[in-house]
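Student: I would like to go through the labels used for this model and see what each one rests on.
Tutor: Then let us take them one at a time, value against cut-off.

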Amino acid sequence: MEATIAFVDIASFTALAEVSGDDVAVRALDRIDTVVRRLLVEHDGKLVKQVGDGFMLAFRDPADAVQFAVATQTELALAPDLPAIRVGINTGPALYRTGDYLGGTVNVASRVVNSAMPGQILLTEPVATAATKAGSEVEELGVRMMRGVDEPLALYRVRDYAHAGLPML
């Protein structure tokens, strides 16, 4: 089946727990979790699973995933006491099994989020194309080799933050 997979990762979560304590870190995670789950409903996405401070999400439409990510980044930026998140999105064929998605599309999305800086939304080329058609501004970052991915991968970043009055990331 075709699926758009997004990974959301809380940047510096381990450092937050070490500096401020587990209670502060868990409260931050709970606040981010609340925003993620609410905006998922608004953007026709679903939570596949949460592992530690990371979320794996699935969408039918890549543009919905990008709009979700922009809305989430924008809302979380209004809470300066929360750590930044980073998002990686890929789309393509995936296996769906017992509530989970598997396969190359998922693996690439996981690698993409690991390449993102705090506050960034990184996309693969097919996601960037869909996002552009839906009116999002994207910028090509270049081609990168990623562990476990045979071919070089073109990455793009979302530039919608300019419209929200936030700094470009």
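Tutor: Start with accessibility: a residue is buried under 20% relative accessible area, exposed over 50%, and partly exposed in between. Note also that this is a predicted model.

Student: Why does Arg159 count as partly exposed?
Tutor: Arg159 has 26% relative accessibility.

Student: What makes the pair of Arg159 and Glu139 a salt bridge?
Tutor: The closest N and O atoms of Arg159 and Glu139 are 3.5 Å apart, and the limit is within 4 Å. The pair links distant parts of the chain, with Arg159 in the segment after strand E9 and Glu139 in strand E8, 20 residues apart. Glu139, at 27% relative accessibility, is also partly exposed.

Student: Which label does Asp33 get, buried or exposed?
Tutor: Buried, because its relative accessible area is 15% and the cut-off is under 20%. Its salt-bridge partner is Arg37, with the closest N and O atoms 2.8 Å apart. Arg37 has a relative accessible area of 40% and is therefore partly exposed. Both residues lie in helix H2, 4 residues apart, about one turn of the helix.

Student: How do you know that the length of H2 agrees with its number of residues?
Tutor: H2 has 21 residues, and at 1.5 Å a residue they should span 30 Å. The end C-alpha atoms are 30 Å apart, so the two values agree.

Student: What covers the buried residues of H2?
Tutor: The cover includes strands E1, E2, E3 and E4 and helices H1 and H3. The buried residues include Ala28, Ile32, Val36 and Leu40.

Student: What makes Lys49 and Asp100 a salt bridge?
Tutor: Their side chains meet at 3.0 Å, N to O, against a limit of 4 Å. Here too the pair links distant parts of the chain: Lys49 is in strand E2 and Asp100 in strand E6, 51 residues apart. Asp100 is buried because its relative accessible area is 17%, whereas Lys49, at 34%, is partly exposed.

Student: Why are E2 and E3 called paired strands?
Tutor: Pairing needs at least two bridges, and 6 bridges join E2 to E3, which run antiparallel.

Methods
Residues are numbered from 1 along each chain as its sequence is written. This is a predicted model: local features need pLDDT of at least 70, side-chain atom pairs count only at pLDDT 80 or more; totals for chains, interfaces and linings use all residues. Side-chain values use heavy atoms; hydrogens and water are left out. Helices (H or I, at least four residues) and strands (E, at least two) are DSSP runs, numbered from the N terminus. The expected span of a helix is 1.5 Å times one less than its number of residues. Buried means under 20% relative accessible area, exposed over 50%, partly exposed in between (1.4 Å probe, protein chains only). Contact means heavy atoms within 4.5 Å.
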